[in-house]
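Dear colleague,

I am passing on a structure for you to look through, and below it I have written down what was found. Please keep it open while you read.

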Amino acid sequence: SGVLLFFDDYSNALLVGSSFRSITDSFHVSREKLAFLVDSTSAPIASLIPISSWIGFELSQISGALATVELANSFVDKQVPTSAFNFFLGTITSRYYPFFMLFLQFLLIFLGKEFGPMLIAERKVVVNRRTDGGDGKADAKFENDETQPSEDTPKKAYNFFVPISFLVIIIVAIMVRIGRDGAGPDASAREVFANTDSYSALLLGSIAGGFFAAGFYLIQFTKDGEFAAPTPSSILAMIDPRPSKEGMDAPKPLLSLGESADAFVNGMKNLLPAIVVLILAFTIKGVVTACATDRLFTEVFTESGNASTFPTIVFVISAILSFCTGTSWGTISIMFPLVSVAAWELGEGDETFFTVALSQILAGSIFGDHSSLISDTTILSSIGSGCQIAAHVWTQFPYAIFVALISIIFGTLPAGAGANALAMLLVGGAILCVLTALISVPVVSPSGKYDIMTTLYMKIVKSPELEELQEETKAFAAEEEVKGAFNPFTLCMNKSGSAEVDVKE
């Protein structure tokens, strides 16, 4: 679901977490694990997809950077890229961090392994057969969501997928229409999207999607928790929401216009902090440009910098900045004007090197979303998943560091030295697979052993709690071995063998 909700990281974090936490609880999955899955499929997916809420912002930053480089270009025989969309597509294969993070989570699920604090959190829940989300579950008061439906509202999957599908289709249609107007009727698909206006498409598509959803819910009527056919009083209530004696017991719209408006406002509340951060980031960007900091940065690196390590330096600086500020968009808006000219000069006008270097801004900025306590998507993922923010960051941080190191050693360093970016993406993915299999251990293990990092910690710090959990894991594994191979889904089976899922809100 996180992968399918590619159009916006905020929507992804809130919708997936709140929709699946009762289900994952029933299958003995910790809230920390759910928050990790939600957080790792929000910004990484949205930042890579050309029709997400990120694309308009990313293209605006790329366009500004290309315009700046064009003015400062000292290589008369080198042509600065002109299409922001084509440049965006070129950066995708060298954004190692988001790709490796997505790959890691699928790999851990496939292997049934974990390492670090996440292993401990998962074991506590699985071994003790807990269905409350574990120790990392947030207080109930932090799980309340004003956008959640009432208890008597019928839950149907199509009420989620139909509006989302309409939103995606209308955005793509508008992008194609605008692109064809700019590129001509005989243009190729790449030319169409290169000449489109993603910001306008997202804006118009969102407005159309909002009206469609409101109308779609308005024409569905419910009574006593079930869908029902409308009556004349029900239809009248669509126009005049004031209750009448005849309409008190009549079927009511699934969501009235007023309730749709309230849901829209409540959803906008979640965006307000991000908007404030972006305004401040744009202010810093203006100051950086006005003070000619970008020129200083260019001069320092062109005189003393090593071109092969420059993409790695950009990644590290972006990662640190996003970690400290908690905002990927703010980091992007600050870094692009700061390093774009330096990247072009260091690469001596080589477009491949230029693309690899600037793509690390887009990749490194995602790091903060996974590592910072003040990151907007970290907070939203925790809220949506009903997980304590500190517990979410503590269990996810080792994964973020692990992926960042893989991205540097097998991604940015070789690509900066001239290696093919796509080839390093494949090589890095293979290395990630091998290393993950080596350092991670099964959640349920007959020996109850921990991963190497946790084992070293236990040698340094005496932890009776972890030792007790190790013994409990051994006993649980022995018990499951008698029943058959361990499978998390069998934990929800009753003695008669029928699947009874105890779904707890």
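In which helix does Ser260 lie? Ser260 belongs to helix H13, which covers residues 257-269. Before going further, please bear in mind that this is a predicted model, and that what follows was computed from its atoms. Ser260 has a relative accessible area of 14%, and because buried means under 20%, Ser260 counts as buried. Once the neighbours within four places in sequence are left aside, Ser260 is in contact with Ala214 and Leu255.

As for the whole chain, the protein has 23 helices and five strands, and buried residues make up 48% of its 505 residues. If you take the contacts between residues at least 6 apart in sequence, 77% of them join residues that are at least 24 apart. The accessible surface of the chain comes to about 24,000 Å², and carbon and sulfur atoms account for 66% of that surface.

Gln79 is found in the loop between helix H4 (53-72) and helix H5 (84-91), and at 58% relative accessibility it counts as exposed. Leaving aside its neighbours within four places in sequence, Gln79 is in contact with Glu70 and Trp344.

The buried residues of H9 include Pro163, Ile164, Leu167, Val168, Ile171, Ile174 and Met175. Just after H9 comes Gly184, with a positive phi of about 105°.

His28 has a phi near 60° and lies in the loop between helix H1 (9-26) and helix H2 (31-40), where it is buried, with a relative accessible area of 5%. Arg129 has a phi near 50° and lies in the loop between helix H7 (117-127) and helix H8 (140-143), but it is partly exposed, with a relative accessible area of 33%. Most residues other than glycine have a negative phi.

On the surface, Phe323, Phe397, Ile401, Leu405 and Ile409 form a nonpolar patch, and together they have about 420 Å² of accessible area. Helix H20 (residues 389-416) gives the most to this patch, with four residues, and Ile409 is placed in that helix.

Finally, the cysteines: a search of the whole structure finds zero disulfides. Cys387 counts as buried at 3% relative accessibility, whereas Cys433 is partly exposed, with a relative accessible area of 31%.

With best wishes

Key: Residues are numbered from 1 along each chain as its sequence is written. This is a predicted model: local features need pLDDT of at least 70, side-chain atom pairs count only at pLDDT 80 or more; totals for chains, interfaces and linings use all residues. Side-chain values use heavy atoms; hydrogens and water are left out. Helices (H or I, at least four residues) and strands (E, at least two) are DSSP runs, numbered from the N terminus. Buried means under 20% relative accessible area, exposed over 50%, partly exposed in between (1.4 Å probe, protein chains only). Contact means heavy atoms within 4.5 Å. Accessible areas come from the Shrake-Rupley method with a 1.4 Å probe; for residues, only the protein chains shown count as cover. Patches are made of residues with over 30% relative accessible area and no salt bridge: like charges are joined within 9 Å, nonpolar side chains (Val, Leu, Ile, Met, Phe, Trp, Tyr) within 5 Å. A salt bridge is a side-chain nitrogen of Lys or Arg within 4 Å of a carboxyl oxygen of Asp or Glu. A disulfide is a pair of cysteine sulfur atoms within 2.5 Å.
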